[in-house]
Amino acid sequence: MTRAPVSRPRWRRLLVRLQWGLAATLSLLLLLDLLFPPQLPKARDTSTLVIAADGTPLRAFADADGVWRYPATPDSVSPLYVEALLNYEDRWFWKHPGVNPYALLRAGGQMLGSGEVVSGGSTLTMQVARILDADHGTTTRTPWRKLRQILRALQLEAHLSKREILTLYLERAPFGGTIEGVEAASWAYLGKPASRLSRAEAALLAVLPQSPSRLRPDRHPEAARAARDKVLERMADLGVWRRADVDDARIEPVVARQLQPPLIAALLAQRLRSAHPKASRIASTIDANLQRTLEERVAAYFSALPERTSAALLVVDNTTLEARAYVGSVRFGDQARLGHVDMVQAWRSPGSTLKPFLYGMALDDGLIHSESLLIDAPQNFGDYRPGNFGETFNGPIGAAEALRLSLNVPAVDLLDRVGPQRFSARLGHAGLALKFPAGAKPNLALILGGTGARLEDLVGAYAALNRGGIAGRVRYTADDPQVDRRVLSPGGAWIIREILESNPRPGELLQFDRGSRPKVAWKTGTSYGFRDAWALGGTRRYTVGVWVGRPDGTPLPGQYGAITALPLLFEVVDSLPRDRTAAVSPPPAGVAEFEVCWPLGIGADQQPPGLCQRRMQAWTLDGAVPPTFAERGARLWNAGRERFDVDLDSGRRVSATCSLPHRTAPREIARWPALASPWLSAETRRDSTLPPLADDCMADGRDAVETLRIDGLDDGATLAAAPGSAHAVRLSLRALGTDRDVQWLLDGRWIGETAGRAPLVRDFTETGEHTLTALSASGAWTRLRFRILE
């Protein structure tokens with residue numbers, strides 16, 4: 001007999017069907033998720049933001065769609081904003097699975113009852129889903145679209161954490177125009193980071209994405225205020241914020257700026273973005289307030305200069321070598337001034353700005369002390385004849401004063417002794433790279449600007465004067481490596497800084513109160529043809545560099561370092577924060593003050609008193625007190641001590657060739673360099689000249705063998721221009737008595753060069769009294785005076 005099958009209970013059958021249905025639903029959802037994955041943004045597709053050291057945006061670079069979107073996280077924005085956002089938009093955000101059924105039913109019922117939307121039912125996750133759909137071109141609102149948002153919200157909750165979903169909203173919520181995200185909106189409308197929002201500001205930004213066009217505070221402040229106050233009231237009703245705090249917040253007016261992306265240190269920001277193309281947020285070392293001030297000052301300062309003229313400015317902290325201000329052009333975007341060209345990193349002729357390092361290296365090499373006797377006179381170094389700015393010469397001059405006055409001939413003489421290739425290599429090793437034409441080697445012209453250098457490298461090198469001789473690479477982000485290289489010894493750097501600091505500011509001698517100003521070790525430079533004007537200087541805390549010129553390399557006549565760049569340098573230095581505790585810096589080990597004498601250049605205690613014609617205090621390094629240089633070339637004599645015998649009765653010099661007996665005594669003189677003679681007083685020349693030989697003595701070869709005479713003009717002559725000669729007196733002059741090169745000076749200013757007896761033909765238009773000097777390469781010279789009538 002067959003038993004009838006036992007039927008399962010109905011509830012069990014329903015449970016099995018439900019399980020199969022749930023499994024099928026989950027499988028379908030998984031399949032749909034695989035076929036239609038959520039269109040999540042790339043890991044970092046926000047716009048690039050370059051910020052100052054304090055977080056202030058310097059410049060934002062829009063994304064590929066032209067949208068301004070800054071990075072943000074729940075921790076980087078104000079907690080007040082997060083509170084206002086979640087309590088107004090989605091109180092159950094942290095608990096629901098992406099959809100709030102109660103809110104949807106409530107919103108649907110209100111719409112059916114009133115015929116219009118009374119309250120929204122979308123969760124924050126659904127809003128993120130709608131934002132992502134809008135990013136991919138889906139913007140229409142239909143019931144099917146709402147269903148899509150619900151499904152997408154569930155997908156987002158399955159793929160992302162709540163914190164990641166909230167971050168997407170913070171970065172991508174619409175705030176009007178091309179502004180997305182709360183950080184970009186906070187800077188655009190309020191001019192401050194989202195981390196520093198007040199309650200009123202937090203409420204305003206929380207409600208703004210509901211209707212960005214209608215509630216934009218820069219266009220509709222009243223509508224924005226009403227919406228903000230609604231949020232504030234909700235916060236009070238929910239007990240999230242105290243009623244007193246809300247009442248205070250309601251008083252705050254809605255004040256918004258016109259939407260304008262930040263544009264500070266634009267060229268540096270562009271440079272950093274190029275260096276870090278994948279970074280969404282780049283933190284620079286710039287001081288935002290200082291940067292704004294200096295950009296405005298540079299633009300105003302150079303506004304009167306001709307078109308195509310630009311300028312660059314760099315301020316560096318000496319301790320860290322971090323840049324505090326970076327102005328790459330007069331005005332970014334100004335096409336007439338080529339404002340898009342960054343002159344901080346452009347190769348330009350440095351003019352005389354390398355001279356401090358040459359004098360410092362000469363100190364380190366034991367070639368000079370601070371008051372070594374140098375000769376500033378026209379002379380040739382092979383086929384190179386340097387001249388001074390203005391073609392005037394000073395004759396005998398101390399090393400310190402030669403550096404302060406930026407004299408060219410003494411600098412070329414020093415470089416010839418140090419060696420141009422060695423000097424260039426030392427600078428390059430320290431980070432101050434020099435650029436030469438292809439195939440060219442460093443030569444003597446480099447010390448006068450015959451090379452290329454960059455402002456940022458010069459500033460990094462000048463910082464060594466306040467860093468114990470350590471130069472380095474300027475840093476623009478805190479992550480940049482600190483590259484330090486020694487360029488001078490601590491003692492050499494200290495002496496050079498003292499020399500440059502003792503140079504008064506132009507016009508400062510006329511002022512009585514200078515105590516409030518910081519001491520500045522400064523130097524200017526002007527390149528050939530007035531193409532570049534430089535000023536570099538440093539205090540104990542900062543180093544500042546200024547460049548002025550035309551980016552296209554054309555001349556800027558009449559503009560040079562001392563009148564164009566230097567005043568701005570002092571304005572900048574005086575505006576910087578001061579560290580008064582570091583105002584005094586004692587000399588480092590090895591530096592000592594020592595009394596020296598000219599013309600020998602050695603210590604006063606190392607020579608008889610009669611040979612010391614000029615006394616001065618000099619800074620010496622490591623005990624080195626080198627004597628005055630021996631002159632190059634065939635001079636009539638060289639600097640140094642010269643011993644001889646004199647006849648006690650006549651005072652004349654005697655030698656081994658004398659035919660008669662003499663009562664003699666030894667004597668000695670201190671010779672000045674032969675080329676210094678035209679600038680010495682008659683008494684000084686007499687004291688350093690050998691007495692004539694006694695009559696019975698034959699020439700011993702120690703007397704001058706050249707005696708110059710100017711032919712073509714008489715001493716004391718009075719001249720007048722011939723009729724029809726345009727007030728010019730044409731003269732043909734020759735220096736007789738030498739076959740060497742002859743330099744001609746009019747009132748101390750170089751006017752020409754001749755070889756031997758070759759004539760100098762020149763039109764003299766300068767009226768009044770004049771002094772004409774002819775100076776042979778041997779040191780022989782002559783001088784006459786004349787007058788040209790008006």
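**Exercise 1. Determine how many disulfides the structure holds and how their cysteines pair.**

A disulfide is taken here as a pair of cysteine sulfur atoms within 2.5 Å, and by this rule the count comes to 2 disulfides. The structure is a predicted model, in which local features need pLDDT of at least 70 and side-chain atom pairs count only at pLDDT 80 or more, while totals for chains, interfaces and linings use all residues. Residues are numbered from 1 along each chain as its sequence is written, and side-chain values use heavy atoms, with hydrogens and water left out. When the bonded cysteines of the protein chain are numbered in sequence order, the pairing reads 1-2, 3-4.

**Exercise 2. Describe the disulfide of cysteine 597 and cysteine 612.**

Begin with the bond: the S to S distance between cysteine 597 and cysteine 612 is 1.8 Å. The torsion about this S-S bond is about -80°, and therefore the disulfide is left-handed. Cysteine 597 belongs to strand S15 (residues 591–598), whereas cysteine 612 sits in the loop between S15 and strand S16 (614–621), 15 residues apart. Finally, cysteine 597 and cysteine 612 are buried, where buried means under 20% relative accessible area, exposed over 50%, and partly exposed in between (1.4 Å probe, protein chains only).

**Exercise 3. Work out which side of helix H10 is buried.**

In helix H10 (residues 243–251), the buried residues are Asp245, Val246 and Ala249. They cover an arc of only 100° around the axis, so they are on the same side of H10; the arc is that of the directions from the helix axis to the C-beta atoms. On the other side of H10, Asp248 and Ile251 are exposed. What covers the buried residues of H10 includes helix H8 (199–207) and helix H9 (221–237), with contact meaning heavy atoms within 4.5 Å.

Technical notes: Helices (H or I, at least four residues) and strands (E, at least two) are DSSP runs, numbered from the N terminus.
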